[in-house]
Amino acid sequence: MDDCIFCKIVKGEIPSFKVYEDDRVYAFADINPVSEGHTLIIPKAHAENLGEIAEADLMAIHRVSQKMYQAMRSALGADGVALVQANGKAVNQVVMHYHLHLIPRKNSESRLSVTSWELVPGDMDAIKVTSEKLAAVL
Ligand code: AMP
Ligand code: ZN
């Protein structure tokens, strides 16, 4: 896609700090890192979101995420790694080319807000109805 910033990164038209590349996948440093080592894994083929990405690209990205998890633990001393992936403006997707964030974190650092929401028990009847709605279309 001509006006997509991540497609431009894949083509080398915009610089990036490359971490990994294969025939389907490109991984590079996020330039607004939430923590040291914050990395994005993207498909080389443009797809906007989880609804559009080819299954083979999705599997390739998740295979790489496992390698990256090990690399973040061994090379950066990460104690934990959060995988975050936004689909749509409603959940704050800013770049409209599928990307998986890998955010490494050490025990000594403060918790990431995205992984530390308050546990407030829900309405069990409402949870049941919603679960059934989902189950009905799966
Ligand atoms: P989001 O779409 O909200 O999941 O996040 C988009 C991410 O892309 C943000 O974390 C940005 O810091 C990152 N980003 C945007 N432009 C670049 C770029 N040129 N190089 C690396 N990361 C980028
Ligand atoms: Zn793109």
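This is a predicted model: local features need pLDDT of at least 70, side-chain atom pairs count only at pLDDT 80 or more; totals for chains, interfaces and linings use all residues.
Q: Where does ligand 1 sit?
A: Ligand 1 is in the largest pocket.

Q: Which residues come nearest to ligand 1?
A: There are 15 residues around ligand 1, and the nearest are Asp30, Asn32, Val94, His99 and His101.

Q: What lies 2.5 Å from an oxygen atom of the ligand?
A: That is an N or O atom in the side chain of Asp30. For Asn32, a side-chain N or O atom is 2.6 Å from an oxygen atom of ligand 1. His101 has a polar side-chain atom 2.7 Å from an oxygen atom of ligand 1.

Q: And how much of the ligand's area does the protein bury?
A: Ligand 1 exposes 510 Å² when taken alone, and the protein buries 84% of that.

Q: Which elements give two or more residues to the shell?
A: Those are α1 (5-11) and β2 (25-29). α1 gives the most, with 3 residues.

Q: What is the shell made of, by class?
A: Around ligand 1 there are 9 nonpolar, 5 polar and 1 charged residues.

Q: Switching to the pocket itself: how much space is in there?
A: The largest pocket holds about 670 Å³.

Q: How many residues line the pocket, and which lie nearest its centre?
A: The lining has 30 residues, with Asp30, His38, Leu40, His99 and His101 nearest the centre. By class, the lining splits into 19 nonpolar, 10 polar and 1 charged.

Q: Which elements supply at least two residues of that lining?
A: α1, β2 and β5 (100-105) each do. α1 gives the most to the lining, with 3 residues.

Terms used
Residues are numbered from 1 along each chain as its sequence is written. Chains are lettered from A and ligands numbered from 1 in the order in which they are written. Side-chain values use heavy atoms; hydrogens and water are left out. A residue is near a molecule or strand if one of its heavy atoms lies within 4 Å of it. A polar contact is a pair of N or O atoms within 3.5 Å; within protein, one must be able to donate a hydrogen and the other to accept it, and residues adjacent in sequence count only if both atoms are side-chain atoms. Accessible areas come from the Shrake-Rupley method with a 1.4 Å probe; for residues, only the protein chains shown count as cover. On a 1 Å grid over the protein atoms alone, a cavity is a set of points where a 1.4 Å probe fits but cannot get out, and a pocket is an open set with protein on both sides within 12 Å along at least five of seven lines; lining residues have an atom within 4 Å of a point. A molecule sits in a cavity or pocket if more than half of its atoms lie within 2 Å of its grid points. Helices (H or I, at least four residues) and strands (E, at least two) are DSSP runs, numbered from the N terminus. Ala, Val, Leu, Ile, Met, Phe, Trp, Tyr, Cys and Pro count as nonpolar, Asp, Glu, Lys and Arg as charged, and the others, Gly among them, as polar. Grid points are joined across faces, edges and corners, and a volume is the space filled by probe spheres set on the points.
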